[in-house]
Amino acid sequence: MSDIFDINATGKLELDFYFDFLCPFSYQASIWIRDVADLMGTEYVDLRWRFISLAQLNRKSPDWNVWEHKPEDEDTYGLLALLAGAAALKSSGMEGLGRFYRELGRLHHEKKEPLTAETIEKAAQASEVQVAAAYDGSDPELYEILKQNHHEGVEKYGVFGTSTLVFEEKYGFYLKIMPSPPKDRALDIFQHIQMLAMVEKNVFEVKRLMTAEASAELNETVSNPPSTGE
Amino acid sequence: MTQTAGFMDFNNSGKLEIDFFFDVRCPYAYQAALWLQEVADIFGADLDLRWRFFSLEQINRKDPAWNIWEQAPGADTAKSLWSFLVATAVKNQAGNAALGKFYQSLARMYHEESKDINSQTVLEDAANEAGIKAEALADVFSGKDKSGYELLASEHTLAVDKYGAFGVPTIVFEEKYAAYLKLMPKPASDRALEIFQRFLMITMIDHDVLEIKKPMTAEQNQAVKDTIKAIKKEA
């Protein structure tokens, strides 16, 4: 990574990936951005998983906050998984959260398992992280992590949906990717997006047009995304 | 083809075809047009930039029985209709390149000079810049030449039915790969090709990328509004 891109002068490219576990587009983008980070290497890239609650983004009342509710309350879709993610982060760090997201994403989006405690526990075991505090309510800090991540995404960057990728704690881009691109296209796509995000300040949006046929095909891919194995 | 690799020449025409769908009243389409014209000038004969009609007044109407091409030009609900009718006459008489010139002139008058695009004089001035004399437009203004209604209907319908267009600018590569692009303002000339190549690759090659959109803080939104305002020259 050349120095001109190292805007915050850390010697690395910081990537904040804002997601909600339940979003199928986030999951596909997460597979891609993980490929990118693997290809570029940890000495160059610091990929950080950040929470955004779609239930909060879509809330009906300005006084209603998902982090003031229990996961079993109405309209809190995705909350239990987000709290479990926060627990994974707390117990096993960013790397642990990344492992947990991969497992939970695969179970939920590829194997169609609901985001229940049972599925979350399965993902936690497979990724070797501790998430029990998410259901027993013993750790209020998990709510705080969610609230802080969500606030930062919305207030600092203007995040309006998932996934949103932020470069160098400064330049955000909402991404809609489906399915995750083949590995040999991963870096090329990343570089296009990085240049448009960080350098080309005049470009605000690129949106592929969809015919009815293309939309139907997309819905089919969303329902049956390619398997990542295991 | 010299500039564009042969494998991207999907329709085997030996050129890169780009259809640019515009409505003269859209500020984003105007900035993108200025950018794409620069790109086309750099590519030269290898790129065929074709100017196409798309009506925002039509797409924003939810009533399927209402058609802008059945309205009276200049009406409150058909503010861009005169521009399409005159544009058609320019195209019929002098071809696609003149149409591009007319569109860019009229858009400049509208977006930069705050001129009334339903004024016959303004429309004639823009046509004049594209090499068409006022006399040659007499049949359009008298209502005798109705070819513009038909062209607008067919191009708008093509954009919606074939590509799924929902706004402008819509840019179609090789009559196949289409994307909406939001640019403001026109990029610096030395960035024009770079942006074009990234946009082309995402649209033509990387089909898994459906949408990328900059999230905007309140300050960033204000900055865009200020840019649009600054494009308008002081009267």
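In this predicted model, B:Pro169 occupies the loop that joins α7 (147–163) to β3 (170–173) of chain B. The peptide bond leading from B:Val168 into B:Pro169 is cis, with omega near 0 degrees. Chain A also has a cis peptide bond, from A:Thr162 to A:Ser163, with omega near -5 degrees. A:Ser163 belongs to the loop between α6 (141–157) and β3 of chain A.

Strand β3 (residues 164–167) of chain A pairs with two strands. With strand β1 (residues 13–19) of chain A, the pairing is antiparallel over four bridges, and A:Phe17 has A:Leu165 as its bridge partner in β3(A). With β4(A), the pairing is again antiparallel over four bridges; here A:Val166 has A:Gly172 as its bridge partner, and A:Leu165 stands opposite A:Phe173.

β3(A) and β4(A) form a hairpin with three residues between them. A:Glu168, in the turn of this hairpin, has a positive phi of about 55 degrees although it is not a glycine. Is A:Glu168 buried, exposed or partly exposed? A:Glu168 has 19 C-beta neighbours inside 10 Å, and therefore counts as partly exposed, since a buried residue needs 20 or more. In chain B, B:Ser114 likewise has a positive phi of about 55 degrees without being a glycine. B:Ser114 lies in the loop between α4 and α5 (120–129) of chain B and is exposed, because 11 other C-beta atoms lie within 10 Å and the limit for exposure is 12 or fewer.

The strands of the two chains come together in one sheet. This is an open sheet of 10 strands with mixed pairing, in the order β2(A)-β1(A)-β3(A)-β4(A)-β5(B)-β5(A)-β4(B)-β3(B)-β1(B)-β2(B). Its edges are β2 (45–51) of chain A and β2 (47–53) of chain B; each has a single partner strand, so one side of each is left without a neighbour in the sheet. From one strand to the next, the twist averages 25 degrees. Within this order, β5(A) and strand β5 (residues 209–213) of chain B pair in the antiparallel sense over three bridges, and A:Lys207 has B:Glu211 as its bridge partner.

Contact between the chains involves 33 residues of chain A and 32 residues of chain B. On the side of chain A that touches chain B, the elements giving two or more residues are β4 (171–177), α7 (183–198) and β5 (203–208). The residues on that side comprise 20 nonpolar, seven polar and six charged.

Helices lie against the strands. Helix α1 (residues 24–40) of chain A lies across β1, β2, β3 and β4 of chain A and runs at about 120 degrees to β4(A). In chain B, the buried residues of α1(B) include B:Tyr28, B:Ala33, B:Trp35 and B:Phe43. The buried residues of this helix pack against β1 (16–22), β2, α4 (96–111), β4 (177–183) and α8 (192–204) of chain B. After α1(B) comes B:Gly44, whose phi is positive, near 70 degrees.

The largest nonpolar core has 135 residues. Which residues have the most contacts inside it? They are A:Leu83, B:Phe22, B:Val86, B:Val90, B:Phe102 and B:Tyr103. Helix α3 (residues 79–110) of chain A gives the most to this core, with 14 residues. Leaving aside neighbours within four places in sequence, B:Tyr103 is in contact with B:Phe22, B:Val24, B:Ala33, B:Trp51 and B:Ala87.

Conventions: Residues numbered from 1 in each chain as written. Chains lettered and ligands numbered in written order. Predicted model: local features only at pLDDT ≥ 70, side-chain atom pairs only at ≥ 80, totals over all residues. Contact = placed C-beta atoms within 7 Å. Nonpolar A, V, L, I, M, F, W, Y, C, P; charged D, E, K, R; others polar. Pairing = 2+ DSSP bridges. Core = buried A, V, L, I, M, F, W, Y, C linked by C-beta atoms within 7 Å. Axes fitted to C-alpha atoms, helices over the stretch in contact; angles between N-to-C directions.
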